[in-house]
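Please open the model in the viewer and follow the stops below in order.

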Amino acid sequence: INSQGSVSAFISRSVSAFCCDTHSSNMSEVEATLQRINSHKGVLGTIIVNDEGQAIRTTAEASVTAQYAELIPQLASMARSLVRDLDPQNDLQFLRMRSKMHEIMVAPDNDFTLIVIQDPTAVE
């Protein structure tokens, strides 16, 4: 077990050495998180939209990505405004919507919006 700990520490140091800056390491963390999200039962796609409304990472079809990248950030912005109108000290953290066909989960941030599309019947 002790040698395993040493190997893990070595791998960790090696990976840190290969990452020249924090951006590279953050991207690998993002990729790992997206893989973990996409592995959940019922997930149909994930989309990351930048603050300009452009999809910068997606696992969904192009037509679905274009539609969601255009509309969901607008909805998240309206929801954020509503939350702030109710309490100026508060902010929108997460938005979850469910229709007959899909469940859409939105995690808005200042620079990016994460959108996860899920089949609600697959997770029940």
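A residue is called buried under 20% relative accessible area, exposed over 50%, and partly exposed in between (1.4 Å probe, protein chains only). The model is predicted: local features need pLDDT of at least 70, side-chain atom pairs count only at pLDDT 80 or more, and totals for chains, interfaces and linings use all residues. Residues are numbered from 1 along each chain as its sequence is written, and side-chain values use heavy atoms, with hydrogens and water left out.

Glu31 lies in helix H2 (residues 22-38) and Arg57 in strand S2, so the pair ties together parts that are 26 residues apart in sequence. Helices (H or I, at least four residues) and strands (E, at least two) are DSSP runs, numbered from the N terminus.

Next, display the open sheet, whose five strands follow the order S2-S1-S5-S4-S3 with antiparallel pairing; strands pair if DSSP finds at least two bridges between them. Strands S2 (55-58) and S3 (95-98) stand at the edges, each with a single partner strand, so one side of each has no neighbour in the sheet.

Then select Thr46 in strand S1. Thr46 is buried, at 2% relative accessible area, and its contacts (heavy atoms within 4.5 Å) include Arg57, Ile115 and Val116.

Finally, select Glu103 and Arg96, whose side chains meet in a salt bridge (2.6 Å, N to O). Glu103 is buried at 6%, whereas Arg96 is exposed at 54%.

Terms used
Salt bridge = Lys/Arg side-chain N within 4 Å of Asp/Glu carboxyl O. Lists of a residue's contacts leave out its neighbours within four places in sequence.
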